Amino acid sequence: MPERKRRRGRMDGRNGTKKHETIKGIVAGLDIISPKLEEVISKLQPSGLLKGVRHLFSWEEREDWFTRDDVGVGLDILGKHNIPYDLQASPEHLKYIRDICPKHPNTKFMIDHIAVPPLNTDRMELWTRDMADVAKIPNVYCKVSGIISGLTPDTWKTVDFQPIIDHVLSIFGPDRCIYGSDWPVFGMAEASYDEYFALMQKLVSKLNDDDSRKFFRENAIKFYNIDV
């Protein structure tokens, strides 16, 4: 319990913004189906640190969790308060994202980790198609992150990620793609941050200077309403 109180203090700015000024915002794990969601938001927003909400779809027993009515209510509340929603989803969830997000046009959505493309499997074609369908929804963005997380140290350097990155950039465009690292999780692949960042720079090297600046900086500032 003391640890939870300490974290709450950081969220409301009494400790975190003073001790760690590099922290510009938090994408929090709020329960969007809670009847107290609006009350919680009203307590956290004044800190200026609440920049988004994130939920891991894999935590839910129901694959179609995102289609629940109470989830829809929560999504609309987030939109009302201009709080984006990060979709930590897998390929099997994309069809639900495609169907549900258009119903909440006032809420901004971010697909984390490119929806974890199923590398070297027969499901890649389905991921490619479903991602293209989702990209047609104007309020859905894509975080290009975590591409080496879950891979072994002796495999990630041999994987050709270029077709995946090219596909995402082509369907979402440079205005709706955002760089992310999944740090420190990718450390399980025994990669340093410098190695990961160099890989990402190489994979998006086709972008011109303006679009590269959007990808690595400006799009995230705009999407999460970050003060920098």
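I count a salt bridge when a side-chain nitrogen of Lys or Arg is within 4 Å of a carboxyl oxygen of Asp or Glu. The model is predicted.

**Salt bridges**

I checked Arg217 against that cut-off. Arg217 forms a salt bridge with Glu218, and the closest N and O atoms are 3.2 Å apart. Arg217 counts as partly exposed because its relative accessibility is 45%. Glu218 is also partly exposed, at 35%.

I searched the whole structure and found 17 salt bridges. One joins the side chains of Asp86 and Lys143, at 3.0 Å from N to O. Are the two buried or exposed? Both Asp86 and Lys143 are buried.

Asp133 is partly exposed, with a relative accessible area of 23%. Lys136 is exposed, at 65% relative accessibility.

**Nonpolar core**

Next I looked up the largest nonpolar core, which has 58 residues. Phe66, Tyr85, Ile114, Met131, Ile147 and Phe172 have the most contacts inside it. Helix H7 (residues 162–172) gives the largest share of this core, five residues. Another core, of six residues, lies apart from it; Met110, Ile178, Ala220 and Phe223 are among them.

What does Phe172 contact, leaving aside neighbours within four places in sequence? I listed Ile111, Met131, Val134, Ala135, Val140, Tyr141, Cys142 and Cys177.

**Leu94**

Leu94 lies in helix H5. I take Leu94 as buried because its relative accessible area is 1%, and the cut-off is under 20%. With neighbours within four places left out, Leu94 is in contact with Ile111, Ala115, Trp127, Asp130, Met131 and Val134. I also checked Leu94 against Asp209: their C-alpha atoms are separated by 31 Å.

**Helix H4**

I finished with H4 (residues 69–80), a helix of twelve residues. H4 reaches 17 Å from first C-alpha to last, close to the expected 16 Å. Which residues of H4 are buried? They are Val71, Gly72, Gly74, Leu75, Ile77, Leu78 and Gly79. These buried residues pack against helices H3 and H5 and strands S2, S3 and S4. Asn82 follows H4, and its phi is positive, near 55°.

Notes:
Residues are numbered from 1 along each chain as its sequence is written. This is a predicted model: local features need pLDDT of at least 70, side-chain atom pairs count only at pLDDT 80 or more; totals for chains, interfaces and linings use all residues. Side-chain values use heavy atoms; hydrogens and water are left out. A nonpolar core is a set of buried Ala, Val, Leu, Ile, Met, Phe, Trp, Tyr and Cys residues joined through side-chain atoms within 4.5 Å. Buried means under 20% relative accessible area, exposed over 50%, partly exposed in between (1.4 Å probe, protein chains only). Helices (H or I, at least four residues) and strands (E, at least two) are DSSP runs, numbered from the N terminus. Contact means heavy atoms within 4.5 Å. The expected span of a helix is 1.5 Å times one less than its number of residues.
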